[in-house]
Structure formats: C-alpha cells, structure tokens
Amino acid sequence: MVLTRRAALASAGAAVVLPRFAIAQSDQRPAITVAVQKIANTNTLEPLREQSNVGTRHSGLYGEALIEQDWLGDLGLKPGLATAWRRVDDRTLEFDLRPGVRFHDGREMTAEDVAFSFGPGRMWGAADPSTARNLFGNVPGRTQGKEPPPEAAAIARRTYPGFDRIEVVGPRTVRFVNKVPDPALEGRMSRNTGMILSRAGFDAAASWLDWARKPVGTGPYRVEAFRPDQSLTLVSHDEYWGGRPPLRQVRFLEVPEVSGRINMLLSGEADFACDIPPDQISAFDRTPRHEVVGGPIMNHRLTVFDKTHPNLRDARIRRAFTHAIDRQAIVDAMWGGRAAIPRGEQFEFYGPMYLSDWEAPRHDPAEARRLLREANYRGAPIPYRLLNNYYTAQVATAQILVEGWRAVGLNVQIEMKENFPQVLSNQGAGTPSGRGVRDWSNSASFNDPVASLTSSHGPEGQQWQIGEWRNDEFGQLSAVLEGSMELEARRRAFRRMLEIIEREDPGYTVLHQTMNFTAKRKDLPWKAGQAFAMDFSARNWGR
C-alpha cells in the first residue's frame, strides 16, 4: 500500500491505518550494494563469454555447476547440483543430480537441462571454435540469433578439450563422457563454464545476446536487471535449494576509480568496496564502522610476451625481461610484503603435482644485460600495453617494472588502452604485430596444473588462439599433462613445461600471487574466500 500526498490530504484529521497484511508480508531482509571496478568485460553474464576476474565475482550467485569448489574452506571439491559422482572409467564421470532444484523460472532441474547446458545449443554451436580469436571483445552483431558465438565454443573447448558427449542415464543420473582419459575431469566439472542452465529459459529468449544478459540459473539470486558498464541487480531466489537467501537484493555498481569506491562505502552509498589496494587499508583502521577483509587467492599476476613481435622473437630478450624484474621490490612497495612470490605458475593446493623445488627466474640484472648483448639487442622499442588499474595497483606495478627493464637496457614504451580488445589486437605500433608485452592474471579454478597452465597457454589456451605464443614441444606435453593417468609421468611433463615456458622460451613470467582485499561494513556478517567470487548465500552470511 502506497500513501500518496493527495491521499494524506484527503484524509486530514483522520488516522491512517495500514492493513496488517502489508506489514506481515514486508521483506525485512537487507539489500546491499557492492562497488566494483568492472562488472563484465564482454557485456554479458554468460560464463562461456565472461571468463574473467570480474565475471567470477558474481557468476556463482546466479549459476551453479554439478561440482563446487570450497573457496571458503579447504579448497576441495564438494557437491553442487550433483549430490555424488563416481568414475565409471578413465574418461567417464557419472553424476547423481540433486532433487528439488528450482530454476529462476520456477521449473525443476532435470537431466535434460544438464544435457542442454553441455550441448551445441548453449555451449558448442555449429561454428568452428578455431575461428575464435577475440576472446575479450563485446558480443559481435552476428549473434543476434540463437547460435552461440564462436568465442563461446573456444572457451568451452579450452575448458573441456576432450569432451565427447553427455549421456542421460535416467531422470536423475547423467554421464559426462570424454574422448580420451582425463585425470582432472572432476575439477573441470567445477568450472563455472559448466553451470547448469534452464533449457526452457534459453528457448524463451529472443536472441543469444538476450539470453547471455539474463541467464536462467539455479543460484541463490536471479538476474533482475543488467545495465552493461553500469550495474547488475540480483534479487533473492526464494525457492533456492540451499535455503532462503539472507539478502533480498544484491546490487553491483561499476565504479572504476578506487577513490570513488571508497567514498561510496564511507558515505553509506555502498556496503562493500572491492579491489582495495594495500596502501588504502590503513584508512579503514580509523573508522569503527568499516573493515578490510581478504588475503591471498588462487590467482597469479603475470607479465605476458608476444613472441611474434619482431623485437621479442629472440628468446634471450624475453629471458632478459624475466631476470630484470625485482619481484620482492614489487611485493614490498605495492603489497606491504603481504603477497607471496610463487614458485612459477603453480599453487600448493595442487598437492602431489606441486613442484616444491621450482623457482621463479631470479632477479639478476647482470644476467639480463648479458642476454641482451648476446642477442645483439640495440634498444629497439617494445610496446607494453596497460589498462588503467583493471588489476589492483596495476599502473604503479607497471612503473616499477619499466624502471627495472630500462635499467638493463630494454626500451619499453607504455601504451595505455581502454579495454581488452585493444590490448589483444595485433595491429598498431607500425609492426607486423602491435602486441609486445602485456599484463594478465591466471586463476587456478581447481587443484591441478591443467586448471591454469594448459588452459591458458596450451594449444586451446588464449595465447595460442590469438597467435601470441606457441611451442610445439609444450603442446605435445600438454597432451600428457591432460591425458595421462600416471602421476610421475604427469609430474615430469609439468616440470618440462615450466622449463620451456618460464625459462627457455618465455611466454610469461610470474610476478606475485594475487591479494584480494574488500572493504565492507563491519556489521555485515560476510567472509572473504580464496577466490574473486563473492558468496552471499546463507552458508556465508553470519557464519
């Protein structure tokens, strides 16, 4: 019931009594606002397009996979939309589907929805995935029909390189069948690319783009409104299988500048402010109403090389880049010593696959100069493409990197770009390849090296797909790492792959493990996990 000014005047002198049912039915759950640097790189919410740090932040709120990763606990795999799973053989996983799961459109999830989610209509399409190149661009105009764009199929193939089919065994049982053995199938199934979505919701959408901007999932919140480059509003899915969500609404606002996000939090316009640099943490120590939470997550910051650039074709020049980096200086200056310098592109939660004796390239300016002399490098310009703090402290980190490179004789020229398509374009700078050096970050979405190394740098990974870096031996070893069921064979392949891509023929070099800090109202009972994902379900509210 809404009491207007006119109605109030008309009832002058009379008491206005609100109906009891209006009070009883009011939703007393809080609504929150989260200020973020960016909502989506591709202006969609479909994980097959939006594989990014910023998309990961909210995708788990409206969509779920058969297996989940425990980012709030021990980083292990746990039941999601499947209550149990088992290996039928080296290439087949069988799943028992959770009963009583409701989509946001009110339908109950079935095995047919699982088959659709991994089928050509949603995931693979009819296009050849090898034609996909612009992995971070906006959805092109050709996707006005229902066919998924080739970029989506490219990401699907990167995530599930051996996929053959989904078999519906029964009303509540499905099988994921690979063409080849895969030791990491369970982990792959926890990726958000495999979220289970409503087939009826997809069929009801006018176009693929309409679908991708309002996918119908099973998560604790459903998409109410998405305004690209502005805001995303999610509202409670009260029929959620995991219990009624604790919030009636979660709104993400895009606020690119750190100062803007902080001011919104301090003024009360926002309840959370994401991607807080360490040098701003102390500001919240002086206010009793706010706090900063977070820490290391399963993500690494990288410097990436385009070996096709004329001035980077000689591997010795790229090796010089890696030895000119003072990683500890970056960690101390930018992160107050909090961030770890990892042992290459790997994480301890890889368990038996973790190579504890591996090291990142040492800081050795003399060795960098020697390599440049040996390569006969004479100061030819090398472009370094940056975004304006897409990554926390990105520009300040870049300034430290450039000074270190210049100190050994590398002529690195910063080029500021507005978006990822500009960063990844191979045009510009008057050279056959406009790319040279760029920033990146890679996440391990599950506890195996294929989650990060092959998915990003292998034959189906972004670097190969955009023509930035490839190495034939590395590609052959990728097949061993992804397909062998023998632990020692996989460990040998993993070590040799790190030798190739981090030392002999650098495709990237690791800077530090990512730290993810979020400022928030102190009275809100929310905990930060070990990933960019923000969990606002009942399991992470008040625990």
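User: What covers the buried residues of α6?

Analyst: The cover includes α5 (120-124), α7 (185-188), α17 (453-457) and α18 (462-465). Here cover is by contact, heavy atoms within 4.5 Å. This is a predicted model: local features need pLDDT of at least 70, side-chain atom pairs 80 or more, while totals for chains, interfaces and linings use all residues. Residues are numbered from 1 along each chain as its sequence is written, and side-chain values use heavy atoms, without hydrogens or water.

User: OK. How many residues of α6 are buried?

Analyst: Nine of 10, across residues 150-159. Buried is under 20% relative accessible area (1.4 Å probe, protein chains only). Helices are DSSP runs of H or I, at least four residues; strands are E, at least two, and both are numbered from the N terminus.

User: Which ones are they?

Analyst: Pro150, Glu151, Ala152, Ala153, Ala154, Ile155 and Ala156 are buried, and so are Arg158 and Thr159.

User: How many bridges join β6 to β7?

Analyst: Six, and β7 covers residues 173-178. The two strands run antiparallel.

User: What stands opposite Phe163?

Analyst: Asn178, in β7.

User: New topic. How many cavities of 30 Å³ or more are there?

Analyst: Five. A cavity is a set of points on a 1 Å grid over the protein atoms alone where a 1.4 Å probe fits but cannot get out.

User: How much space lies in the second largest cavity?

Analyst: About 150 Å³. That is the space filled by probe spheres set on the grid points, which are joined across faces, edges and corners.

User: Which residues lie nearest its centre?

Analyst: Asp275, Tyr390, Tyr391, Thr392 and Phe532. The second largest cavity has 17 lining residues; a lining residue has an atom within 4 Å of a point.

User: Which elements give two or more residues to that lining?

Analyst: α3 (53-62), β12 (290-305) and β16 (508-521) do, for the second largest cavity.

User: Which gives the largest share?

Analyst: β16, with four residues of the lining.

Conventions. Buried means under 20% relative accessible area, exposed over 50%, partly exposed in between (1.4 Å probe, protein chains only). Two strands pair if DSSP finds at least two bridges between them. On a 1 Å grid over the protein atoms alone, a cavity is a set of points where a 1.4 Å probe fits but cannot get out, and a pocket is an open set with protein on both sides within 12 Å along at least five of seven lines; lining residues have an atom within 4 Å of a point.
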